[in-house]
Amino acid sequence: MQTSHTCLGSRFGGKMALLLGLLCTLCLVGQVLGQDITHEEYLAQIQACPRECNCAPNFPRAVYCDNKGLKSIPQIPPHTWYLYLQNNLIEVLSADALRNATQLRWLNLNRNKITSEGVEEGVLSTKPNLAHLYMDDNLLSSVPSALPASLESLRLSRNRISKIPPGVFIGLDKLNLLDLQANKLMDDAVTEVSLKGLNNLVQINLAKNQLNSMPIGLPPTTTQLFLDGNNIEKIPAGYFKGLPKVAFLRLNYNKLGSSGVPRDVFNVSSILDLQLSHNQLTEVPLIPAGLEHLHLDHNNIKSVSGANICPVAVETMEDSANESVPRLRYLRLDGNDIKPPIPRDVILCFRLLTSIVI
């Protein structure tokens, strides 16, 4: 009788395990179908997963081929939205390998060995849904051509880019982020012609290039402009009139001297964060009333006076709630020749200051 009970228990346990397995499968299918993929597409996607890569059953739209030591891109399944190929040894961005992946939205190719010659013709333009392209830390010498109109962010930092082909951005009305930092761009590469088409750009990063002057032709939609680590010596008067929305401006580690910076050049109402650290300034420029953060550390400034830098007359400011009160909250002046304390008229002017580093 005991043996009979054991057999019954074993059968019951087996059925329960089968039932639980079925329920888990149904839950998984429910999760998958919630990702806008049919059951037939799901099966085709999982079955076509390259043997060199990983495809998570609960996230079938993603194909993980990163950190595999790959020298070439395997055939990518047709229903892939997210493709991770970073940290490999890939030299060619193959049109054939991505031929079926027409639904791609996110492509990460960071830290490979792709050259401009290795970007095959039509490989990107045939991806009508591609929104994010990451190609940092490769061997590109030029911005890739024939980019899809769907592109929203393009990251090409730490390559060898010295050329932006004319018209490469025409039609990219959705592109809002362009990262070109740590390349070999010179003044003649960053022009109104080469930047034409960036009609809705919000952020452009040109830090750590070989620019000697402020770039021309930046779109008026630019909100974040990063130019750290170049060789810029001066800013033309009225330069920011063409950039009415610029709010975050970084010019750290350049060669800006006060003689090359018109006193009121930063007097733009949109600027919230201004960084001028590690330059050769001897004077504090006029601070716009709306500025909230100012970095002037490691320059050659010897003194600071409220009478010279306050954007409004102190007597017109009745209290901190007054709209005329300058909005400056953070001021960094360390690494200069300024001796404390900060003059009283500076404190009276910038009465919303919560932090001063000197």
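The entries below go through the disulfides, the salt bridges and the nonpolar core.

**Entry on disulfides**

I noted before anything else that this is a predicted model. I then searched the whole structure for disulfides and found three. Numbering the bonded cysteines in sequence order, I wrote the pairing down as 1-3, 2-4, 5-6.

I looked up the link between cysteine 49 and cysteine 55, where the S to S distance is 2.0 Å, and its torsion about the S-S bond is about 90 degrees, so I recorded the disulfide as right-handed. Cysteine 55 is buried, with a relative accessible area of 15%.

The sulfur atoms of cysteine 53 and cysteine 65 are 2.1 Å apart in their disulfide, which is right-handed with 105 degrees about the S-S bond. Cysteine 53 lies in the loop between helix H2 (39-47) and strand S1 (62-64), and cysteine 65 in the loop between S1 and strand S2 (82-84), so this pair ties together parts that are 12 residues apart in sequence. I found both cysteine 53 and cysteine 65 buried.

For cysteine 310 and cysteine 349 I read a sulfur separation of 2.0 Å. Cysteine 310 counts as buried at 12% relative accessibility, and cysteine 349 is buried with a relative accessible area of 0%.

**Entry on salt bridges**

My count came to six salt bridges. In one of them, aspartate 228 pairs with arginine 250, with the closest N and O atoms 3.0 Å apart. Aspartate 228 lies in the loop between strand S8 (224-226) and strand S9 (248-250), and arginine 250 lies in strand S9, so the pair ties together parts that are 22 residues apart in sequence. Aspartate 228 counts as buried at 10% relative accessibility, while arginine 250 is partly exposed at 26%.

I also looked at arginine 332 and aspartate 334, whose closest N and O atoms are 2.7 Å apart in a salt bridge. Salt bridges that share partners join Asp297, Arg332 and Asp334 into one network.

**Entry on the nonpolar core**

The largest nonpolar core has 87 residues, of which Leu154, Phe169, Phe240, Leu251 and Phe266 touch the most other members.

Terms used. Residues numbered from 1 in each chain as written. Predicted model: local features only at pLDDT ≥ 70, side-chain atom pairs only at ≥ 80, totals over all residues. Heavy atoms only, no water. Core = buried A, V, L, I, M, F, W, Y, C linked by side-chain atoms within 4.5 Å. Buried < 20%, exposed > 50% of the residue type's maximum accessible area, 1.4 Å probe, protein only. Salt bridge = Lys/Arg side-chain N within 4 Å of Asp/Glu carboxyl O. Helix = DSSP H or I, 4+ residues; strand = E, 2+ residues; numbered from the N terminus. Disulfide = S-S within 2.5 Å.
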